[in-house]
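Trainee: I would like to learn how to read a model like this one. Could you take me through it feature by feature?

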Amino acid sequence: MNVTLFHLYASVAPMTDSSSALGQERAAVADACRRLGAEGLLIGTAGNVSLRAGERVAITATGAVLAELTADQVTVVDLDGKVVAGTLQPTSELELHLGVYRRYGAGAVVHTHAPMATAVSCVLDELPCVHYQLLALGGTVRVAPYATFGTPELAESVLDALDGRGAALMANHGAVTHAATLGKAVEHALLLEWACGVYQRAASMGRPRVLDEQQQLAVIEAALARDYGTTHPVPPAQEGNR
Ligand SMILES: [Zn+2]
């Protein structure tokens, strides 16, 4: 299938550049890390988050405790990886983040070692589309072959696994998600972790059923018809009947 909910809802990041030190973006990255830490997806110093604003990227520093991250622990780089603001070295997965921005025009990237996603990445070659919500990530989630952390080989294999997808698993390592906004990239990370948990529980009881192409297409059509995922006010004529 060539069209998925991910394609339909994905849009590239706004191309407005900023000459500032990205104060708001650095604060937003720190907020996202604390949220993902509270949800159990970012543990200790493992994982990294970035947010793009035009030609600049606010990205977590290497060695920082992510669940307690503050804006001054977020470094600003250009799209070549040169540090332009901040006092700390950026994450060792900088090339992976920059690659996602270059190849897919993303607005934000989240990389975690979340427990369920990492467990699945140790066993499967792909997370099958066992639940229709996975279509928000593009359906089946590929597992990129293992390579040493921080290497161009790992970045390349993860970028390939992300083709047409908002998420990929990284063999024996973790997960990466991206989206047009940081909020969406965080949502994708939470959705992927939930889906990996569902799969693990389902597989413990037997062979999980997988949604076939026709079932996936029907979900996309239904979602488009109902503008799924957004709230809708009750029309005024019906308000008195609630
Ligand atoms: Zn990692």
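Trainee: What should I check before reading any detail?

Mentor: Start with where the structure comes from. This is a predicted model. The chain averages a pLDDT of 90, and 90% of the residues score at least 70.

Trainee: Over which residues does pLDDT stay under 50?

Mentor: Residues 14-19. For that stretch the model has seven contacts beyond four places in sequence.

Trainee: And the overall make-up?

Mentor: The chain has seven helices and nine strands. Of its 242 residues, 43% are buried. Among contacts with a separation of 6 or more, 68% link residues 24 or more positions apart.

Trainee: How many bridges join β5 to β9?

Mentor: Five, between residues 108-112 of β5 and 174-179 of β9, and the two strands run antiparallel. H111 stands opposite V176 in β9, and A108 stands opposite A179.

Trainee: What lies on the other flank of β9?

Mentor: Strand β8, which pairs with β9 in the antiparallel sense over four bridges. L169 stands opposite A175 in β9. The two strands form a hairpin with three residues between them.

Trainee: Which residues of β7 lie on each side?

Mentor: V141 and V143 are on one side of β7 (residues 141-144), R142 and A144 on the other. All four are buried, and both faces of the strand are covered.

Trainee: In what sense does β7 pair with β6, and in what sense with β8?

Mentor: Check each neighbour separately. β6 and β7 pair in the antiparallel sense over two bridges. The bridge partner of L127 is V141 in β7. β7 and β8 pair in the parallel sense, also over two bridges. There, the bridge partner of A144 is M170 in β8.

Trainee: Which residues of α3 are buried?

Mentor: First the general idea. An α-helix has 3.6 residues a turn, so residues three or four places apart point the same way. In α3 the buried residues are L94, L96, H97, L98, V100, Y101 and Y104. Their cover includes β1, β2, β3, β5, α5 (152-161) and β9. Just after the helix, G105 takes a positive phi of about 60°.

Trainee: At what angle do α3 and α5 pack?

Mentor: About 35°, with their axes 9 Å apart. The crossing is right-handed. E95, L96, G99, V100 and R103 of α3 meet P152, L154, A155, V158 and L159 of α5. These contact residues divide into seven nonpolar, one polar and two charged.

Trainee: Which loop holds L22, and which holds N172?

Mentor: L22 lies between α1 (5-9) and α2, N172 between β8 (167-170) and β9. When phi is positive outside glycine, note the place and the burial. Phi is near 55° in L22 and near 50° in N172.

Trainee: Why does L22 count as buried?

Mentor: Count C-beta neighbours inside 10 Å. L22 has 25 of them, so L22 counts as buried; the cut-off is 20 or more.

Trainee: Is N172 buried or exposed?

Mentor: Exposed, because N172 has 12 other C-beta atoms within 10 Å.

Note on methods: Residues are numbered from 1 along each chain as its sequence is written. This is a predicted model: local features need pLDDT of at least 70, side-chain atom pairs count only at pLDDT 80 or more; totals for chains, interfaces and linings use all residues. Two strands pair if DSSP finds at least two bridges between them. pLDDT is the predictor's confidence in each residue, from 0 to 100. Two residues are in contact if their C-beta atoms, placed from the backbone, lie within 7 Å. Axes are lines fitted to C-alpha atoms, for helices over the stretch in contact, and angles run from 0 to 180 degrees between N-to-C directions. A crossing is left-handed if the near helix is turned anticlockwise from the far one by less than a right angle, and right-handed if clockwise. Ala, Val, Leu, Ile, Met, Phe, Trp, Tyr, Cys and Pro count as nonpolar, Asp, Glu, Lys and Arg as charged, and the others, Gly among them, as polar.
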